[in-house]
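The sequence and model come next.

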Amino acid sequence: MTDGPTLVLSGDFDVRSTWRVRQALYDHLEGHDEDVVVDLTDVDSVDVTALKVLAVATREASRAGHHLTLRGCGPAVRRLLHLSHLIRVVEVERVARSA
């Protein structure tokens with residue numbers, strides 16, 4: 001689901017869903033000139049393969065002059081980002097914005 005420059009993900013984000021998310025993410029990046037946010041607030045579980053998709057998209061966005069930020073990363077997602085060292089590649093929003 002999209003909300004302007006924000007791509008909202010929900011459910012399980014793992015190896016089984018990476019193709020769909022990757023396609024949606026690249027379509028979303030192509031369709032917006034402003035910075036893009038990937039909202040993970042409603043993601044139930046995530047694996048390293050899924051996080052790698054976000055890392056690659058972050059690099060591609062940067063090369064195209066865009067900025068990609070992850071929002072709503074829970075403790076499990078943050079821990080996996082640190083353990084996989086992908087935290088060095090992606091940008092995680094530090095403070096959640098109120099609606």
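## Overall dimensions

For 99 residues, a compact globule would have a radius of gyration near 13 Å, and the 12 Å of this chain agrees with that. The radius is taken over C-alpha atoms, and the globule rule is 2.2 Å times the number of residues to the power 0.38. Along its principal axes, the C-alpha trace spans about 30 × 30 × 25 Å.

The model is predicted: local features need pLDDT of at least 70 and side-chain atom pairs count only at pLDDT 80 or more, while totals for chains, interfaces and linings use all residues. Residues are numbered from 1 along each chain as its sequence is written, and side-chain values use heavy atoms, with hydrogens and water left out.

## Fold and surface

The chain contains three helices and five strands, in the sequence order β-β-α-β-α-β-α-β. Both are DSSP runs numbered from the N terminus: helices are H or I with at least four residues, strands E with at least two.

Of the 99 residues, 41% are buried; buried means under 20% relative accessible area, exposed over 50%, and partly exposed in between (1.4 Å probe, protein chains only). Among contacts (heavy atoms within 4.5 Å) between residues at least 6 apart in sequence, 74% join residues at least 24 apart.

## Helix 1

Helix 1 covers residues 18-31, and its 14 residues reach 20 Å from first to last C-alpha, close to the 20 Å expected at 1.5 Å a residue. The expected span is 1.5 Å times one less than the number of residues.

Thr18, Val21, Leu25, Tyr26, His28 and Leu29 are buried in helix 1. Seen down the helix axis, these buried residues fall within an arc of 160°, so they line one face; the arc is that of the directions from the axis to the C-beta atoms. The face turned away from the buried side carries the exposed residues Trp19, Arg20, Glu30 and Gly31.

Leu40 lies in strand 3, residues 36-46, and is buried at a relative accessible area of 4%. Leaving aside residues up to four places away in sequence, Leu40 touches Leu9, Phe13, Leu54, Leu70, Arg71, Gly72, Cys73 and Val77.

Thr58, in helix 2 (residues 48-63), is buried with a relative accessible area of 11%. With residues up to four places away again not counted, Thr58 touches Leu68, Val89 and Val90.
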